[in-house]
Amino acid sequence: MMTTDQQEVSRVALTGARGFLGWHTRAALLASGGSSNGFPVGDGFQVERAVDAIEGVDRLIHLAGVNRGTDEEVFDGNIRMAEQTAAVIRSAADPPAVVVFANSIQSGNTTPYGRSKARARDILAEAASDRGLSFSDIALPNVFGEHGRPFYNSVVATFCHVLADGGVPSIEHDKPLTLLHAQDAADVLLGRRDLFPVDEDVSVGSLLSRLRGIAERYRSGDIPDVAGAFERDLFNTYRAAAFERAPVIPLERRSDRRGAFFEIVRSHGGSGQSSFSTTVPGVSRGDHFHRRKIERFTVLSGTAVIALRRVLTDEVLEFRVSGAQPVAIDMPTLWSHKITNTGDDDLFTSFWSNEIFDPETPDTIAEAVAR
């Protein structure tokens, strides 16, 4: 819930819009019906294009940064990008009322990265002050979430991809971590929350232990314990990596003279809701996405196509499914999805979600799969 000094923003300009946190921030904005303008900084910077992107928007969020490279590349890169963004703020005729810097909890330490982030903060704060704009410095912890790049964005992404590939992750340095899911980070950057709603202090070793448990459960199609928000977010992050490799979950058929029996969901903790629908031939259900909700589809009778598209992309996947050979498909978070009856008879579909539907907070955002 927003406090009295917060407002829902609908138009946002972003640097780093194509990066991991940029994608999550744009997806969170899409979920509320907002729009975003991205502009590059660094080598592709063009001041005229950047000024056009921020004219008249509600908020500018500076996400772009350098965290890999030589000491000189990291230090100079972060300062250069901040200076370019500051120049845009000073040049705009109608700048945004709020400038947000996605900073780091490492800001101000003695590393080139920490020193450059502190200097970048000062550069942006001075530009905002010169224009009479509000400035917000958000020191983010280790951010993780769906579709992070392994060996780059976070140790969570690395562990998830290695485990999804059937590998054995290794730990070089076991140290404490403060973790924050990218959708929660996006809500903070968009001004929807004052404080981090969900963060977790863990060690690298305990994180790997949790993710191993998730991978072991999910390998057989079981849903691990997702009663807590952090556990749910870890599972959704792992699920994004696993979906790329094994999107269809086979169901074991147990038959005798009476017929056949299938187990659809085995959940090891948390709430849940089961339902089923009938769909007439040629009709689709869905065309929406979820930010956090876990949802499983299983066709019980009839034939269908399940189509999914990762939001803000043209990446579409299709799966032909049939009640004659039932399988389960879990809808990844931040992917729009629908199911279409492709047969001549009514389609019967079972749905399972990890949460009881609440019309006040449905976490169901309309978004067509077809673009």
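**Entry 1: a residue pair to start from.** I began with T15, whose bridge partner in strand 3 is H62. A reminder to myself that this is a predicted model, so everything here is computed from it. The pair belongs to strand 1 (residues 11-15) and strand 3 (residues 59-62), which are joined in the parallel sense by 4 bridges.

**Entry 2: helix 5.** How many residues of helix 5 (residues 155-164) are buried? I found 9 of its 10, so I noted this helix as mostly covered, taking buried as under 20% relative accessible area. Among the buried residues are F159, C160, H161 and L163. I also checked what covers them: the list includes strand 6 (142-144), strand 7 (176-181), helix 7 (204-219) and helix 8.

Entry 3: I moved on to another open sheet, with 5 strands in the order 9-17-14-19-12 and antiparallel pairing. Here strand 9 (248-250) and strand 12 (273-279) hold the edges; each has a single partner strand, so one side of each is left without a neighbour in the sheet. Ignoring direction, neighbouring strands are turned by 25° against each other on average. Inside the order, strand 14 (residues 295-301) and strand 17 (residues 327-331) run antiparallel and are joined by 4 bridges. I picked out F297, which has I329 of strand 17 as its bridge partner.

**Entry 4: strand 15 and its partners.** Is strand 15 (residues 303-310) largely enclosed or left open? I count it as largely enclosed by the rest of the structure, because 7 of its 8 residues are buried. It pairs with strand 16 (residues 316-322), running antiparallel, through 7 bridges. Within that pairing, V305 stands opposite R320. The hairpin of these two strands has 5 residues between them, and there L312 takes a positive phi near 70°. Strand 15 also pairs with strand 18 (residues 335-341), again antiparallel and over 7 bridges. On that side, A307 has K338 as its bridge partner.

Entry 5: Last, I searched for cavities of 30 Å³ or more, and the count came to 1. The volume of the largest cavity is about 40 Å³. Which residues line it? I listed Y218, R239, A242, F243, A246, P247 and D330. Sorted by kind, that lining has 5 nonpolar residues, no polar ones and 2 charged ones. Helix 8 (residues 229-245) gives the most to the lining, with 3 residues.

Key: Residues numbered from 1 in each chain as written. Predicted model: local features only at pLDDT ≥ 70, side-chain atom pairs only at ≥ 80, totals over all residues. Heavy atoms only, no water. 1 Å grid on protein atoms, 1.4 Å probe; cavity = no way out; pocket = protein on both sides within 12 Å on 5 of 7 lines; lining within 4 Å. Points joined across faces, edges and corners; volume = space filled by probe spheres on them. Nonpolar A, V, L, I, M, F, W, Y, C, P; charged D, E, K, R; others polar. Pairing = 2+ DSSP bridges. Axes fitted to C-alpha atoms, helices over the stretch in contact; angles between N-to-C directions. Buried < 20%, exposed > 50% of the residue type's maximum accessible area, 1.4 Å probe, protein only. Contact = heavy atoms within 4.5 Å.
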